Each structure stands twice: as C-alpha cells, then as structure tokens.
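Subject: Structure handover

Hello,

Here is the structure I said I would pass on. Please open it first and read the notes below with it on screen.

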Amino acid sequence: MMLGFGVVGTGAIGREHMKRISNTVTGAEIRAVTDVNQEAARKAVEDLGLQALVYSDDSALIQDDNVDAVLVTSWGPAHEATVLKAIEAGKFVFVEKPLSTTAEGCMRIVEAEMKYGKRLVQVGFMRRYDQGYRQMKEAIDNNFIGEPLMIKCAHRNAEVGENYTTDMAILDTLIHEIDTLHWLVNDDYKSIQVTYPKKTRNALKHLKDPQIVTLETVGGIIMQAEIFVNCKYGYDIQCEVVGEEGVVKLPEVSTVEYRKNAVLGSTILMDWKYRFEDAFNKEFQDFIDSTKEKGVPSGPSAWDGYIAAVTGDAGVKAQESGEKEPIRLEDKPAFYK
Ligand code: NAI
Ligand code: ISE
C-alpha cells in the first residue's frame, strides 16, 4: 500500500521533496498539495506531472482521507499550526526544520503528540542519515576513539541573500549542527557562547559573518562550530571529533579528481541540495518504511526539535550578550526515550 502525502508549502525544498517522493524513494505518492501562493501549488503539480488535488489551505488538505502523512515545507513560523492540526487529525507528519520557531511552540507539539498517544512527527534533520556522520557515530558508539573530548566543525555557505540576518546563523544554519553534535556523542548541551572574528568584506552591512559558536555539554565536551555564510568558494561542511584514543573526521564528498594545468584538484559542491541529496533520500525512505511497517516514524522526533529550539534561543541570547549562556532543557519524557 502506498503512503499518501499531502504537501503544505511548494517552495524550494517542498518541490525537491515532492520530486524525491515521486521519482526516487519507493512506497509513497503525493496526493494533495497546498500553498498560500495557490499559483505556486498548481504549478508544482503541473511541472512534476502529478495527479494531486490542490487545496486552498492546510486544514482542508489534512482532512482529506487520502492524505496519510503531511509534509510541512512552508516557512518556519507557519510550521507549528500545521503540525498541531495534523496531530489532532491523527496524521503522520514530516516537518522541515525548525519544528517551531519557539521553544514554547515545540513544547506544545510535544504535548499534543504525547496526548495523542504515539509518535507521529519526524523533523527534517537529515544529517543523521548522512553516511559520513553515521560512520562517525558508529565509531564513537563502538568506543573506537575512546571518550570524545572535543569537536571542531564548520558550516560554510558560498553566500546568502539580503534577508539573511545575524540570528539566522544560529536558527537557520547552526540548527543542523545543534541537532547532529549532541546526537553524535550521546550527550546534552549545557551552555553556548558566540564570538565574532574579523568580519568578511563579502558580508552585507547588517550581517555579522563569520561567527564562532562554542557549545559545552553536561559531560564536559567542548564543541567549536564556525558559521561562515559568505565563504564564496562553495558549500562546505566539516566535522572532526577528538577522543582520548583517536580522531574521527567527516569524509569529504567524493567528486572526480582532476589533473589539469599543473593542478591536482577536485570539485567542491556549491549547494546543500547536492551535498545532502543521499541523506534526504534516506530520511524519506526511512519515514515511509517506518510509518508503514512500525506505525510510527523512527527518525528525529519532536523532542529533538524542542532541544534544537531551546539551544537556538540560548544561542541568539549569547550572540547579543557575548556571554556563556546556559541551556536549560525540561526532563526528557519517557514517551521519547
Ligand atoms: P520557500 O520560501 O522557497 O518555500 C516556502 C513555501 O511555503 C512558499 O511557497 C510559501 O508560499 C509557502 N507557505 C508559507 N506559509 C504557508 C502556509 N501557512 N501554508 C501554505 N504554504 C505556505 O522556503 P524553503 O527554502 O523551501 O524552506 C521551507 C522550509 O524548509 C523552511 O523551514 C526551511 O528552514 C527548511 N529548509 C530545510 C533545509 C534542510 O536542509 N533541511 C534546506 C532548506 C530549507
Ligand atoms: C538552509 O536553510 C539549510 O537548512 C541547509 O541545510 C543549510 O546547510 C543551509 O546553510 C541553510 O541555509
């Protein structure tokens, strides 16, 4: 039986995921779409050659009996309302990051899901499905490098648009590291601090870029993440975990090696879309298989979305204060253990 998706938000990543569901992964199909820009929704259906209904809003789409799972790819501030409606209707939800733009909003989702009585929600933290990160995690879990002591990582984008603001370095960009790093080392965050190196002349006036974020865990691991969103040369994700007995490093993406004009080189990808394509495919296949076979999604949960939101809020505070800000999480409910 096919899992029927209803898509809320047919913008950039919405269309990517629609293509993925229709052409790459197996066991699912797009049955309905909606977007506040109705023309965009109609065009997405037409361009992808789908047999999907176009609804006027998310409420109507969620009520469609043929929609088993709601894919939320609208703007961040709209996520919470759609996710809550989908939970109330007992539909599975795949929601892109952020789960909600506030920690309180994430907690409302957590409470609604617990009240419903089983997991319905998966958050789009796709790095947990990236082969390199998975291999690192396996090595750490198997004690290959002994106790992890520190992490050094970088999240670099070639450039960002005018509407990218300083806080987005934490809430939109670092959010992926926030989710991945504590998962990698099985630890919880304790504090966050942000410092600003010399500013690049390639960043617009209103933006502080690059930024160095230091996260400290309850177990004492120090993680240093560089966020540099106008690095110019490409989309580059780096991560190295230093342990008591050795080091594991995120492998470079393999691209063709070339020799030309006295250079031995290889290409750096320019876009997250290509860097994490395989991870996106795997996260969707897992969501489809888990919901169909186990009746619950098994990927990053609403609780993981909550952790990211609390940490992100503390990060924005740290950007403003320059101080080490505490990260205070509620106790994890047994429901999510
Ligand atoms: P976008 O602006 O290209 O598309 C968003 C679409 O949602 C637009 O077509 C807009 O009209 C529609 N929309 C907004 N509010 C709506 C509502 N209430 N109901 C229905 N439609 C609504 O944005 P983009 O880049 O596709 O990002 C969407 C989400 O995906 C964001 O939360 C973003 O953070 C996340 N994202 C995640 C990535 C990842 O690596 N996991 C990468 C890029 C984006
Ligand atoms: C974007 O919003 C994402 O979610 C990408 O995965 C990330 O790497 C990129 O830097 C963000 O702008």
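**Notes on the model**

N186 is exposed, at a relative accessible area of 52% (buried is under 20%, exposed over 50%, partly exposed in between, with a 1.4 Å probe and protein chains only). N186 sits in the loop between α7 and β8 (helices are DSSP runs of H or I with at least four residues, strands are runs of E with at least two, and both are numbered from the N terminus). Its phi is near 50°, a positive value in a residue other than glycine.

Before going further, some conventions: this is a predicted model, in which local features need pLDDT of at least 70 and side-chain atom pairs count only at pLDDT 80 or more, while totals for chains, interfaces and linings use all residues. Residues are numbered from 1 along each chain as its sequence is written, chains are lettered from A and ligands numbered from 1 in the order in which they are written, and side-chain values use heavy atoms, with hydrogens and water left out.

**Other backbone points**

K232 is not a glycine but has a positive phi of about 75°. K232 lies in the loop between β10 (222–228) and β11 (236–243), and at 40% relative accessibility it counts as partly exposed. Two cis peptide bonds follow. One joins K97 and P98, with omega about -5°; P98 is in the loop between β5 (92–95) and α5 (103–116). Another runs from D209 to P210, with omega near 0°, and P210 is in the loop between β8 (189–195) and β9 (211–217). For background, most residues other than glycine have a negative phi, and most peptide bonds are trans.

**Domains and core**

The chain is divided into domain 1 (3–123) and domain 2 (128–277 + 308–336); these bounds come from an automatic or database domain assignment. The C-alpha centres of the two domains lie 27 Å apart. In domain 1, 17 residues are in contact with 14 residues of domain 2 (contact means heavy atoms within 4.5 Å).

Which residues have the most contacts inside the largest nonpolar core? They are F5, V121 and L184, in a core of 97 residues. A nonpolar core is a set of buried Ala, Val, Leu, Ile, Met, Phe, Trp, Tyr and Cys residues joined through side-chain atoms within 4.5 Å. Helix α10 (residues 302–321) gives the most to this core, with ten residues. Domain 1 and domain 2 each supply at least three residues to this core.

**Ligands**

Ligand 1 is surrounded by 22 residues, and the closest are I13, D35, W75, E96 and K97 (a residue is near a molecule if one of its heavy atoms lies within 4 Å of it). A polar side-chain atom of E96 lies 2.9 Å from a nitrogen atom of ligand 1. The protein covers 80% of the 850 Å² of accessible area that ligand 1 has on its own (Shrake-Rupley method, 1.4 Å probe). The largest share of the shell around ligand 1, three residues, comes from α4.

The residues around ligand 2 include K97, H155, N157 and H176. A polar side-chain atom of K97 is 2.8 Å from an oxygen atom of ligand 2, and the corresponding distance for H176 is 2.8 Å. The protein covers 85% of the 300 Å² of accessible area that ligand 2 has on its own. Helix α7 (residues 168–185) gives the largest share of the shell around ligand 2, three residues.

Regards

Definitions and conventions:
A polar contact is a pair of N or O atoms within 3.5 Å; within protein, one must be able to donate a hydrogen and the other to accept it, and residues adjacent in sequence count only if both atoms are side-chain atoms.
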